[in-house]
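I opened the notebook to log a few look-ups on one chain. The entries follow in the order I made them.

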Amino acid sequence: MKLVKLFVTFGGAGVNGQIHGASGDARNVGRRSQVGAPSAVVLKHDAVEDVLRRQRGHLENVTDLLTVTGDDRQMWSDVQPGDLLFSLVFHVNSTIPIRQAGLAARSGAPPCDNPRMLIGAHVSCRGGIHTAVDRAAAIGADLFQTHPTPAQMWRPLRLDPEVRKQYLTSYAAAGMRGHYMHAVYLINLATPKDQLLRQSIGSLVHYMQLAEQLNADGVIFHPGSHLGAGFDGMLEQMGTALREVLERAPDSPAKLVVENSAGSGGCVGCSFEELGRIVDAAGSDRVGVCLDTQHMFASGYDVRTAEQVATTLDRFATDVGFERLALVHANDSRRPLGSNVDRHANIGEGEIGTEAFTLLLADDRLRGVPWILEVPGEDRSGPDLANINRLRECAGLAPRVLEPAAAG
Ligand SMILES: [Zn+2]
Ligand SMILES: [Zn+2]
């Protein structure tokens with residue numbers, strides 16, 4: 001069994017495009033072929049079905065492709081059923097950005113440990129959004145999150161075409177498996193103030209369009225605060241606002257992801273129930289949920305024993321539903337249970353603790369989504385390899401060891 005890395009470009013119409021890129025082992029050997037053959041070889045595996053389900057919206061074109069391709073392997077004589085396809089990059093046409101999905105075929109012994117459990121981190125994009133990829137790779141992240149714009153300012157990002165190109169190239173070369181964008185903290189869809197609401201919607205539309213340019217997986221935001229007006233009174237407005245964002249970014253592959261809050265005064269979406277009702281109000285499966293472990297704990301959901309994990313996750317299943325869970329923000333807590341204070345700690349250095357993360361990561365419902373660290377890091381410069389490996393250990397995964405070139 002080999003690792004196979006593919007870069008696929010569809011010519012405008014879809015199926016009969018060219019493969020640019022590679023087969024062989026993880027180091028690419030350049031070759032070209034018709035698009036049908038490798039997909040017939042590799043995409044038949046069951047595991048791909050899971051990925052297709054998880055990445056719905058990204059891969060609709062591929063699903064079409066699967067149904068029309070035959071079993072013609074002649075151009076891919078060195079690719080065999082059972083080979084692992086670890087990265088597939090689609091260029092649907094010259095105006096639509098590259099689409100990426102990590103795909104793993106199941107048969108045979110997997111060459112990497114559990115390719116379906118993804119652990120990544122929030123990284124800076126100081127110096128341009130393309131630089132985020134290298135930072136993520138340098139700490140052993142499978143995927144990453146960014147603030148594409150300053151976190152506390154209404155300042156849109158004007159994406160330079162050259163930066164976009166560099167980003168897409170680095171992303172593919174690094175074999176990254178996802179990119180979530182975190183919106184500015186100023187967004188408030190529950191505000192009674194009309195101007196702030198309009199600004200918030202406009203900002204989310206901007207991120208969704210940016211995500212389309214960069215083929216990012218999701219745009220994460222905190223739903224905001226009702227400022228005393230009450231959750232129920234603002235719920236319909238939140239639903240309408242989310243629908244407007246989706247309508248104004250109809251082709252964005254990104255999920256619009258609502259994150260649970262830690263629960264300070266007037267905030268909406270700190271309980272699972274509120275989170276679920278916000279998503280319900282939007283009425284679209286393009287809206288998903290991010291579960292932040294620190295915010296969950298600060299909101300009073302305990303996960304330090306196996307029973308508590310079961311109770312908490314069952315509550316999540318009932319009030320939100322795991323089919324809506326897009327990702328987990330993995331953070332330990334500097335504050336105790338129910339504190340309602342948003343203070344992240346390194347994994348194992350807070351009130352949640354390693355044991356709880358191990359219990360959470362033992363649950364298949366949480367292993368099916370990416371985990372992204374937003375921790376201070378050992379030297380307080382942000383998520384690092386040490387925290388990634390602490391989480392990997394809790395998940396029963398082998399530690400990441402960086403190649404000297406990537407560590408610099
Ligand atoms: Zn978070
Ligand atoms: Zn937080």
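Which residues of strand E9 (residues 179–182) point one way, and which the other way? I looked this up first. His 179 and Met 181 point one way from E9. Tyr 180 and His 182 point the other way. I also noted burial: all of these are buried. The model is a predicted one, so I keep that in mind for every entry.

Next, the partner of E9. I found strand E8 (residues 144–146) joined to E9 by 3 bridges. The two strands run parallel. Thr 146 stands opposite Met 181 of E9.

**Whole chain**

The chain holds 14 helices and 16 strands. It has 408 residues, and 48% of them count as buried. I then took the contacts between residues at least 6 apart in sequence; 71% of these join residues at least 24 apart.

**H7 and H8**

I checked how helix H7 (residues 231–248) packs with helix H8 (residues 272–282). The angle is about 45 degrees, and the axes are 7 Å apart. H7 passes H8 in a right-handed crossing. I listed the residues that meet. From H7 they are Phe 231, Leu 235, Glu 236, Met 238, Gly 239, Leu 242 and Arg 243. From H8 they are Glu 274, Arg 277, Ile 278, Ala 281 and Ala 282. Sorted by class, this contact of H7 with H8 has 7 nonpolar, 1 polar and 4 charged residues.

**H4 and H5**

I ran the check on helix H4 (residues 131–138) and helix H5 (residues 161–174). Their axes come within 8 Å and cross at roughly 20 degrees. That angle is under 35 degrees, so H4 and H5 are roughly parallel to each other. H4 brings Val 133, Asp 134 and Ala 137 to the contact. H5 brings Tyr 167, Ser 170, Tyr 171 and Ala 174. By class I have 5 nonpolar, 1 polar and 1 charged residues for H4 with H5.

**H13**

How many residues of helix H13 (residues 385–394) are buried? I found 7 of its 10, so I logged H13 as mostly covered. The buried residues are Leu 385, Asn 387, Ile 388, Arg 390, Leu 391, Arg 392 and Cys 394. I looked up what they pack against: strand E7 (119–122), strand E13 (325–330), helix H11 (353–361) and strand E16 (371–373). Last, I noted Gly 396, which follows H13 and has a positive phi, near 75 degrees.

Methods:
Residues are numbered from 1 along each chain as its sequence is written. Chains are lettered from A and ligands numbered from 1 in the order in which they are written. This is a predicted model: local features need pLDDT of at least 70, side-chain atom pairs count only at pLDDT 80 or more; totals for chains, interfaces and linings use all residues. Axes are lines fitted to C-alpha atoms, for helices over the stretch in contact, and angles run from 0 to 180 degrees between N-to-C directions. Helices (H or I, at least four residues) and strands (E, at least two) are DSSP runs, numbered from the N terminus. A crossing is left-handed if the near helix is turned anticlockwise from the far one by less than a right angle, and right-handed if clockwise. Two residues are in contact if their C-beta atoms, placed from the backbone, lie within 7 Å. Ala, Val, Leu, Ile, Met, Phe, Trp, Tyr, Cys and Pro count as nonpolar, Asp, Glu, Lys and Arg as charged, and the others, Gly among them, as polar. Angles under 35 degrees count as roughly parallel, over 145 as roughly antiparallel, 65 to 115 as roughly perpendicular and the rest as oblique. A residue is buried if 20 or more other C-beta atoms lie within 10 Å of its own, exposed if 12 or fewer, and partly exposed in between; C-beta atoms are placed from the backbone. Two strands pair if DSSP finds at least two bridges between them.
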